[in-house]
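Visitor: Could you walk me through this model before I set anything up? I'd like to hear about helices and voids.

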Amino acid sequence: GISKTFGDLQALDDVDFEVRAGEVHCLAGENGSGKSTLIKIITGVYQPQKAELFELFGETVRSISPTGARNRGVSVIWQDLALFSHMSVRENICFDDMVGLKPKAVHYGEMDRKAHAVLERLGVPLELDMPLEALSIARRQIVAIARALMNDARLIFMDEPTASLSRSETDHLLDIVHKLSADGVAVVFVSHRLAEVLEIASRVTVLRDG
């Protein structure tokens, strides 16, 4: 079980959480229940208590960094999406592939090939030259998902992904989540909209007070 305290505040207390390959899993609970803390531990933003261990894809992990989590196939799409509005669709999708400890040459033809391939996997055509700021929130989410897949994501956390979407946009997103699931990618869907949760999730984990 994963535990985490901040000073005298117990954020998580012996939480057991399991996600299966290709599963759509809902993580539910009211604000302050510990959902974000749990995600941040699994993605390396926070560290669990010293004695805690957890397992990622068969590997026992005591401590992990955000880069280490990403390299192991764990991605998170927060509500703000963490994208670059002034950059193109192409550059946002391939961003993590372009940056590193050492400067590297940018090959736009290679970026186009990779971005096209991942968008084709999602079944969504997008103009690669389009600046992100010209896209709707729903389209920006697709770019964020594509960027996760560029990092060979095997587990994607989506934090309240439908909060700003219309019903038709939500249906389109759920279709994409089903495609990811069929492709073996596990998706953890954080949502307060119970109708959507029951529509898409095969299992639900509810947190309350950590």
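Guide: One place to begin is Gly123, which comes just after α5 and takes a positive phi of about 75 degrees. Please keep in mind throughout that this is a predicted model.

Visitor: Okay, and what span should α5 have, and what do its end C-alpha atoms give?

Guide: Helix α5 runs over residues 108-122, and its 15 residues should span 21 Å at 1.5 Å a residue, which agrees with the 21 Å between its end C-alpha atoms.

Visitor: Which residues of α5 are buried?

Guide: The buried residues of α5 are Met111, Ala115, Val118, Leu119 and Leu122. They cover an arc of only 100 degrees around the axis, so they sit on the same side of α5.

Visitor: And what do the buried residues pack against?

Guide: The buried residues of α5 pack against α3 (89-93), α4, α6 and α7. On the face of α5 turned away from the buried side, the exposed residues are Gly109 and Glu120.

Visitor: You mentioned α7, so how far does that one reach?

Guide: Helix α7 has 16 residues and reaches 23 Å from its first C-alpha to its last, which is close to the 22 Å expected at 1.5 Å a residue.

Visitor: Which of its residues are buried?

Guide: In α7 the buried residues are Thr170, Leu173, Leu174, Ile176, Val177, Leu180 and Ser181. Because they cover an arc of only 160 degrees around the axis, they lie on the same side of α7. The face turned away from that buried side carries the exposed residues Ser168 and Ala182.

Visitor: What does the buried side touch, and what follows the helix?

Guide: The buried residues of α7 pack against β3 (24-28), α5, α6, β7, β8 (186-190) and α8 (194-200). After α7 comes Gly184, whose phi is positive, near 90 degrees.

Visitor: Switching to voids, how many cavities of 30 Å³ or more are there?

Guide: A search of the whole structure finds one cavity of 30 Å³ or more, and the volume of the largest cavity is about 40 Å³. The lining of the largest cavity is made up of Ala138, Gln141, Ile142, Leu165, Glu169, His172, Leu173 and Ile176.

Visitor: Which helix gives the most to that lining?

Guide: That is α7, with four residues, while α6 and α7 each supply at least two. By class, the lining of the largest cavity has five nonpolar, two polar and one charged residues.

Visitor: Now the pockets: what volume does the largest have, and what's closest to its centre?

Guide: The largest pocket has a volume of about 510 Å³. It is lined by 21 residues, of which Phe17, Glu18, Val19, Glu55 and Leu56 are the closest to its centre. The largest share of this lining, three residues, comes from β4, and the lining divides into 13 nonpolar, three polar and five charged residues.

Definitions and conventions: Residues numbered from 1 in each chain as written. Predicted model: local features only at pLDDT ≥ 70, side-chain atom pairs only at ≥ 80, totals over all residues. Heavy atoms only, no water. 1 Å grid on protein atoms, 1.4 Å probe; cavity = no way out; pocket = protein on both sides within 12 Å on 5 of 7 lines; lining within 4 Å. Points joined across faces, edges and corners; volume = space filled by probe spheres on them. Nonpolar A, V, L, I, M, F, W, Y, C, P; charged D, E, K, R; others polar. Expected span 1.5 Å × (residues − 1). Buried < 20%, exposed > 50% of the residue type's maximum accessible area, 1.4 Å probe, protein only. Arc of directions from axis to C-beta. Contact = heavy atoms within 4.5 Å.
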